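Thanks for coming, everyone. Please have a look at the structure, and I'll talk you through it.

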Amino acid sequence: MSDTLYDEIQREIAKYPDRRSAILPALRHAQEHYGWLSPEALEAVADGLDLSPARCLAVASFYDMFFLQPVGEHVVEVCTNLSCALIGADHLLREFERELDVKAPGTSADGKITLRCVECMGGCGWGPVVSVDEEYEEHFQIEDVAPLLERLRSTSRPSESHA
Amino acid sequence: MPESPTFAQPDANALLLPFAGSRREIAEYEANGGYDSLRKSLGMTSEQLVDEMIASNLRGRGGAGFPAGRKASFLAPGVERYLVINGDESEPGTFKDREIILRNPHMLIEGIIIYLWMIRGAAAYIYIRGEYAKEAAILEGAIAQAREKGYIGSPLPGTDYVANVYVHRGAGAYICGEETALLSSLNGDRGQPTAKPPFPAVSGAFKKPTLLNNVETVATVPVIVGMGGAAYAGVGTEQSTGTKMFSLSGHVKNPGNYEMPLSATYRDLIEGKGGGLPEGRTLKAFVPGGSSMPILMPNQLDTGLAFEAVVAAGSMAGSGAVIVVDDRTCMVRFALRTAEFYMHESCGKCTPCREGTRWITELLRKQEAGLGTLEEIDLLLEICNRVEGNCLCVLGDACAMPVRSHINNFRHEFEEHCRLGHCPCPDDAPMSELYPPLLKAPLPMVSA
């Protein structure tokens, strides 16, 4: 377990009267360090919180933003809930699938980009909304798909995004 | 791409966001009267503040519309009490709390500090949905600025009370917007609802008495303290006071968030603010308060935005998310997309919701593909009845209520799908690519 992740978890614990409340931020930090919540990552969270790895997995598996399987270097999420769907999110999703040659949810053959659909992200009036590595791209149009993928293919994911 | 997001111009009656653009810097916020309400509240007792909230008759802005002042008065006594802000905004169509945070984060922080002072709270936690990464960072920045000014982390002027405010990010679960599920999540468990009692006012965050309010509700507190509860109650209608944020989306010329007095109507919002539907299209239906609410029809456009007016029209005002649907839209597809969401978000704890949302989705998928039968339309209604009111929380209801309204208002469309054996809508109808032929096979049946 790297010192920094352990330290980050201890800093999160300090915000709460009960260390168990720090489990979501701890899982988030671990995912940022390991790329996904591998058994090793869950072990690190368990050590940092003094909980069992099974409990960490039980909590992590409840939430959509935790990856229990490896993902690509970049994660592209297309909102297909009502407001975005009404204004063309479905065509956007198909365009992403064509360009990446993968069905959502899935990862491109080169392992670079994971594509998935997500439920309402809270950008309904500014849609269609696409989230790229947890940053929103709004008013996203079909012609934006290819340039975005080109940019992602040529860059690596920033290590610490929003901590 | 246009600049993102694009904020609407303020309404003349706006109280929460009466300016264009954003005021994220504390200096700018204070130059416009910011934190004056906090200073005023420090000269008031807890009882006076609660009374002011009761006088305002402010109804909670999260969806249920419960009177905020009365809620505050229920908080159990104790030396360790907490304030939790519900920023888990995830009801489809809703993006108002996000705009409040993006444009006026200090108004929320000021409201939090006033509320903390009112309950002498040990700390406040802003539970913000995990996807709102940028918004969480903005709140962290606002808290740091308020800390530098001495509003957070050191005794408030003339008192020995110290306000502590933390941001707690969720991780992607609609159900965590439900208060007991949110508290389960904050307490480090899976985000599942729990039975009430005990109510959060008695046992909530860390099993201590907890006051839980929506972002918009708490952001309104400085307005009420500033102008006085009675004056605030003079805006809107008698039962629904003040202004409220409405999130307008779907088939409308100018989508966005609009702050409206609650005395206005859906026509004022959709046609007035939203500019109506795009050229050549007509209104088929509209969602009045988030996708969990029964839809309303074009002849109900003059319904008031007030809580009681929407109930009288047969629906609910909910979170204030208004989704406009034009005449090209397949309502079977619309119902299916609605149901799929609630199936995905059901936490699985209560059987009627866990199984019912799946059965509703299954049958709607058959309907949409033209593989359903007329009898199954009635079966759908029966399942809706069996889900509604039979679970710990209202997620199951949130699936049953709208789907029932889709069938009751557009039964002919469901019947046409059954008769034709396929969806009658043209290829360019909205959402046509969501359900391409390959995906039209029904879900594997779950055994009864």
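Let me start with strand β7 of chain B. Four of its five residues are buried, so β7(B) is largely enclosed by the rest of the structure. Keep in mind that this is a predicted model. The burial count here rests on a cut-off: a residue is buried if 20 or more other C-beta atoms lie within 10 Å of its own.

What does β7(B) pair with? Its partner is strand β8 of chain B, residues 321-326. The two run antiparallel, joined by four bridges. Within that pair, B:F286 stands opposite B:V324 of β8(B).

Now the whole sheet. It is open, it has four strands, and the order is β6-β5-β8-β7 in chain B. The pairing is mixed. At the edges sit β6, residues 256-261, and β7, residues 283-287, of chain B. Each of these pairs on one side only. So our enclosed strand, with four of five residues buried, is also an edge strand. From one strand to the next, the twist averages 30°.

Take one pair from it. Strand β1 of chain B, residues 82-87, pairs with β4(B) in the parallel sense over five bridges. B:N86 stands opposite B:N214 of β4(B).

Helix α6 of chain B, residues 105-119, packs with helix α9 of chain B, residues 215-227. The angle is about 75°, and the axes are 7 Å apart. That makes α6(B) roughly perpendicular to α9(B). From α6(B), the contact residues include B:M107, B:L108 and B:I112. From α9(B), they include B:V215, B:V218 and B:P222. By class, the contact has eleven nonpolar, two polar and one charged residues.

On to domains. The assignment for chain B gives domain 1 (26-233), domain 2 (243-326) and domain 3 (331-440). The C-alpha centres of domains 2 and 3 of chain B lie 22 Å apart. Eight residues of domain 2 of chain B are in contact with nine residues of domain 3 of chain B. The domain 2 side of that contact divides into six nonpolar, two polar and no charged residues.

Chain A is divided into domain 1 (3-60) and domain 2 (74-153). Their C-alpha centres lie 29 Å apart.

Last, where the chains meet. Chain A gives 40 residues to the contact, and chain B gives 54. On the chain A side, α2 (23-34), α4 (53-60), α5 (82-86) and α6 (89-100) of chain A each give two or more residues. By class, that side has 17 nonpolar, twelve polar and eleven charged residues.

Notes:
Residues numbered from 1 in each chain as written. Chains lettered and ligands numbered in written order. Predicted model: local features only at pLDDT ≥ 70, side-chain atom pairs only at ≥ 80, totals over all residues. Domains from an automatic or database assignment. Contact = placed C-beta atoms within 7 Å. Nonpolar A, V, L, I, M, F, W, Y, C, P; charged D, E, K, R; others polar. Pairing = 2+ DSSP bridges. Axes fitted to C-alpha atoms, helices over the stretch in contact; angles between N-to-C directions. Parallel < 35°, antiparallel > 145°, perpendicular 65-115°, else oblique. Buried ≥ 20, exposed ≤ 12 C-beta atoms within 10 Å, placed from the backbone.
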